Amino acid sequence: SNVTFHPGTLVKIPSIPKVYLVSDDTELRWITDETTAQGLFGDGWASLVYDVPESLFTNYGQGDSITLEVE
């Protein structure tokens with residue numbers, strides 16, 4: 001099987017603008033908006049995102065999406 005990214009890594013497919021967080025059990029959790037990404041990873045969050053070829057996304061399951069509630 002292919003090697004997967006470590007939990008806590010941000011990944012995306014180059015052709016799709018969604019960013020995902022790799023969870024402990026190799027599930028991908030969609031980070032629903034930029035505010036959530038900034039809240040979790042700071043202003044430089046975009047520089048932490050790795051592109052993953054579509055063919056390797058099959059190594060991951062789909063987890064719940066992540067949204068921070070803003071008050």
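Predicted model: local features only at pLDDT ≥ 70, side-chain atom pairs only at ≥ 80, totals over all residues.
**Stop 1: aromatic pairs**

A search of the whole structure finds three aromatic pairs. Select Phe5 and Tyr50. Their ring centres are 5.3 Å apart and their planes meet at 35°, so this pair counts as tilted.

Now trace the chain between the two rings. Phe5 sits in the segment before strand 1 (10-12), while Tyr50 belongs to strand 4 (residues 49-51). They are 45 residues apart, and the pair links distant parts of the chain.

Next, select Tyr20, Phe57 and Tyr60. Ring pairs join these residues into a cluster.

**Stop 2: a lysine over a ring**

Select Trp30 and Lys18. Which part of Trp30 does Lys18 lie over? Lys18 lies over the face of the ring, 4.4 Å from its centre.

**Stop 3: a buried lysine**

Move to Lys12, in strand 1. Its relative accessible area is 15%. The cut-off for buried is under 20%, so a residue below that value counts as buried. Lys12 is therefore buried.

What does Lys12 touch, leaving out residues up to four places away in sequence? Its contacts include Pro17, Lys18 and Val19. Val49, Tyr50, Asp51 and Val52 are also among them, and so is Phe57.

**Stop 4**

Select helix 1, residues 34-41. Look at its start. A side-chain oxygen of Asp33 comes to within 3.2 Å of the backbone nitrogen of Thr35. Now go to the other end. Gly42 follows the helix, and its phi is positive, near 85°.

**Stop 5**

Five strands form an open sheet with mixed pairing, in the order 4-1-2-3-5. Which strands stand at the edges? They are strand 4 and strand 5 (61-62). Each has a single partner strand, so one side of each has no neighbour in the sheet.

Finish between strand 3 (residues 27-31) and strand 5. These two run parallel and are joined by two bridges. Select Glu27 and look across: Gly61 of strand 5 stands opposite.

Definitions and conventions. Residues numbered from 1 in each chain as written. Heavy atoms only, no water. Phe/Tyr/Trp six-rings, centres within 6.5 Å; stacked < 30°, edge-to-face > 60°. Helix = DSSP H or I, 4+ residues; strand = E, 2+ residues; numbered from the N terminus. Lys NZ or Arg CZ within 6 Å of the ring centre and 35° of its normal. Buried < 20%, exposed > 50% of the residue type's maximum accessible area, 1.4 Å probe, protein only. Contact = heavy atoms within 4.5 Å. Polar contact = N/O pair within 3.5 Å; in protein donor to acceptor, adjacent residues only side chain to side chain. Pairing = 2+ DSSP bridges.
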